[in-house]
Structure formats: C-alpha cells, structure tokens
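Q: I have a model open and would like to go through it bit by bit. Can you help me read it?

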Amino acid sequence: MGLASFGVFRDRPQVHADAKRLPLTIATVPLIAVVTYLATYGVYWIHSVSLWDIIKWQGQMFHFHAHTSHLHELASRWWQWILGMKTGLLWHEDWGAQAGWIYLCGASWLWLPGMVCVGITALQAWRTRQIFPTLLVIAFLWQWLPWMFSPRTSFLYHFSSALPFLYLSVACALGQQLGEGIASSWHHRLLNFARQAYPIAGLLTFLWLYPTLAGYPLPSEAGHRFHHWLMGWLPVLMG
C-alpha cells in the first residue's frame, strides 16, 4: 500500500496493456517499412515506368551492394559515424566572387550526447514496457547496427536514416519528469541544463553548417575556412 502511494504500482495496468500490444506493434513495423519503400517508387509509376523495370532495379541494386567493397577516400565504418569521421567535399562550383560547396560532414557534439539519450530511452523502455520508447530504440538500432555486417563500402550519409530516431530519443530522454524527491538534486540540475543546451547547440550547428549543406553562395575566400574546419575538425580540435 505504501509503495502504491508513491506511484510504483499506480500505472501497472497500463504497463501490462502496453506490453500485450508490443508484439503486434513490432510485427507491423516491417509491413510499414515495405509499404513505405514501395511508395518511394510511386513517382516512377506515375511517369509510366513499368513494374518489371522497377523489379530489375532491385536486382541491380542488390548486386551492387553485395559486391561493392572497393576502398574510397570518404568511406567509413558504422562505428565512425557517431564520431563524425571521414568528412569530405561532395560538390563545388565557382561563380567568380562567389562559390558554393556541399560537404559530407557530421556533428559528433550532437550525436554522442544523443547516444547517451538512446541508452536512457532504452532503460525507460525496459522499466515501463511502454511501446513508444521501445520502438524508438529498436528503430534506431535497426537503422544503424546492421551496417557492421555490410560487405560494401559505406559512408557517413548512411547514418542519416538513423538520425531521426536518435533525435526523437533525445526528446524522449529530456522530456521525462523526475520525481519530486530529487527535485533539488544534481539530476534535476543536469536535466534542466541539457534541456536548454542541446536545442541551442542544435540550432547553432544548423546555422553554421547550412551553407555547406545546401550549397548556399558564399564569398569565394570563405571556402578555405569551411574546408579547413569540415575536412578535419577533429584534428583541429586536438591541436
């Protein structure tokens, strides 16, 4: 009775209900993935591309991914993506006084704390048996970890499909409520700091990287500074 008054078992019926629905929810994930994948070819279908051509494309892509393992200067492994390693110039065009650049770059200062939040979300999912945090963690790991077994050349941009679930895990972790008993503890202060610091860091990162993500025209001499930073930010920070 005393434990119930502190809310330990107060939401237990809801936890059991969520746990019962969890297998069915997880089973629908592959179906949603297949439907979403097929929907991406809708534009080709509209433009009179035959179903047979689309099927042949799948075979060609499978052959490419299964047999491509050559080295590339920008190639990276799955564990390097979190660190934002192997950045590089993807596109450049000079217009005289102005020029545009598009870089393949990462943001480890956002992704490493994000991994901590994925762990917190996984712990929350284990404790509460709730569907939403469970699916977040599964979706993130499903989009990231299979790359450790990939025989083909992989790049930093392959991590992009996992990033939405990483950021949702950040929101889930930072949005949780701490009990009143630890309202004045260091947990509460750390959580409040993270709630303010992470969005600010994300906004500043977007403002800093946007020109080199979108090819926005910049003064030609600015390219040297962006090149120095984005091509080797980790060596620069380490001196």
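**A charge, some rings and a sheet**

A: Start here: the charged end of Arg129 sits over the ring of Trp126, 4.5 Å from its centre. A charge sits over a ring if NZ of Lys or CZ of Arg is within 6 Å of the ring centre and within 35 degrees of the ring normal.

Q: What kind of model is this, and how are residues numbered?

A: This is a predicted model, in which local features need pLDDT of at least 70, side-chain atom pairs count only at pLDDT 80 or more, and totals for chains, interfaces and linings use all residues. Residues are numbered from 1 along each chain as its sequence is written, and side-chain values use heavy atoms, with hydrogens and water left out.

Q: Back to Arg129. Where does Arg129 lie?

A: Arg129 lies in the loop between α6 (108-128) and α7. Its phi is near 60°, a positive value in a residue other than glycine.

Q: Why does Arg129 count as partly exposed?

A: Because its relative accessibility is 35%. Buried means under 20% relative accessible area, exposed over 50%, and partly exposed in between, with a 1.4 Å probe and protein chains only.

Q: How many helices and strands are there?

A: The chain has 11 helices and 3 strands. Helices (H or I, at least four residues) and strands (E, at least two) are DSSP runs, numbered from the N terminus. Along the sequence the pattern is α-α-α-α-α-β-β-α-α-α-α-β-α-α.

Q: And how do the strands pair up?

A: The 3 strands form an open sheet in the order β1-β2-β3, with antiparallel pairing. The edge strands, β1 (88-94) and β3 (218-219), each pair on one side only. Two strands pair if DSSP finds at least two bridges between them. Between β1 and β2 (residues 98-104) there are 6 bridges, and Leu89 stands opposite Tyr103 in β2.

Q: Which helix lies across β2 and β3?

A: Helix α9 (residues 186-214) does, running at about 100° to β2. Axes are lines fitted to C-alpha atoms, for helices over the stretch in contact, and angles run from 0 to 180 degrees between N-to-C directions. Contact means heavy atoms within 4.5 Å.

Q: New topic: how many aromatic pairs are there?

A: A search of the whole structure finds 12. One of them is Trp81 with Phe159, a tilted pair at 6.2 Å centre to centre and 40° between the planes. Rings of Phe, Tyr and Trp (its six-membered ring) pair if their centres lie within 6.5 Å; planes under 30 degrees apart count as stacked, over 60 as edge-to-face and the rest as tilted.

Q: What does that pair tie together?

A: Trp81 is in helix α5 (residues 78-81) and Phe159 in the loop between α7 (131-144) and α8 (163-174), so the pair ties together parts that are 78 residues apart in sequence. Trp81 is buried, with a relative accessible area of 0%, and Phe159 is buried at 0% too.

Q: Which aromatic cluster contains Trp81 and Phe159?

A: One formed by Trp78, Trp81, Trp111, Phe140, Trp144, Trp147 and Phe159.

Q: Last one: is Ser169 buried or exposed?

A: Ser169 counts as buried because its relative accessibility is 0%. Ser169 lies in helix α8. Leaving aside neighbours within four places in sequence, Ser169 is in contact with Cys117, Val118, Thr121 and Leu136.
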